[in-house]
Amino acid sequence: MKERWLPVGVIAGVLFVVNVVARWVGKGIDDPDTQATAGFVALGVIGFVFFAMALYWGRRRPWSRVVADLGAAAFAACLLSIFVGPLAAGEGPFAHGAGAFFNQVWVYAAVFAVGTGLGMVGLIAFAADYRARQLKLFAERAKAHPRRV
């Protein structure tokens, strides 16, 4: 059990740290355009983490497990980033209103879907995913045995 959930917890922790660092950086900037740029960079880093982990896990695990594990990490990191992240930056979770609160949820879900989806598409395009590797091994084993007459 530890072997499965420890990496998920580590990924959630990394995503939370990225969010908190982006909040601290954004809080120290007075220009709204530069704050937005810092937020977009943080979302890009979070999306890249999902992309990289989809590539890494997708080679060795079935897609159902990859999506479930990354989804669990995204859910945990989203909850931490929404409720604990603002407190770490000196604000409240609902400081900017309920609309901004729920907007963070949808943006996090979109970054998860795009990052994981691009990782899946990349692996499938190069036939490096778990299923393609299984089919390749099956074909090699089938060719190795001569056909019975």
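Biologist: In which helix is R23 found?

Modeller: This is a predicted model, where local features need pLDDT of at least 70, side-chain atom pairs count only at pLDDT 80 or more, and totals for chains, interfaces and linings use all residues. Residues are numbered from 1 along each chain as its sequence is written, and side-chain values use heavy atoms, with hydrogens and water left out. Helices are DSSP runs of H or I with at least four residues, numbered from the N terminus. R23 is found in helix 1 (residues 2–27).

Biologist: With which side chain does the side chain of R23 make a polar contact?

Modeller: Contact means heavy atoms within 4.5 Å. Neighbours within four places in sequence aside, R23 is in contact with S81, G85, P86, A89 and Q104. A polar contact is a pair of N or O atoms within 3.5 Å; within protein, one must be able to donate a hydrogen and the other to accept it, and residues adjacent in sequence count only if both atoms are side-chain atoms. At 3.4 Å, the partner of the R23 side chain is the side chain of Q104.

Biologist: Are helix 1 and helix 2 roughly parallel or roughly antiparallel?

Modeller: Axes are lines fitted to C-alpha atoms, for helices over the stretch in contact, and angles run from 0 to 180 degrees between N-to-C directions. The axes of helix 1 and helix 2 (residues 32–58) come within 8 Å and cross at roughly 165°. Angles under 35 degrees count as roughly parallel, over 145 as roughly antiparallel, 65 to 115 as roughly perpendicular and the rest as oblique. Helix 1 and helix 2 are therefore roughly antiparallel.

Biologist: How do helix 3 and helix 4 run relative to each other?

Modeller: The axes of helix 3 (residues 63–88) and helix 4 (residues 98–125) come within 10 Å, crossing at roughly 155°. That is why the two helices are roughly antiparallel.

Biologist: Which residues of helix 4 meet helix 3?

Modeller: On the helix 3 side, the residues are W63, V67, L70, G71, A74, A77, C78, S81, I82 and F83. Facing them in helix 4 are F101, Q104, V105, Y108, F112, T116, G119, M120, L123 and I124.

Biologist: With which residue does D69 form a salt bridge?

Modeller: A salt bridge is a side-chain nitrogen of Lys or Arg within 4 Å of a carboxyl oxygen of Asp or Glu, and the whole structure has three. In the one formed by D69, the closest N and O atoms are 2.9 Å apart, and the partner is R4. The partner of D69 is R4.
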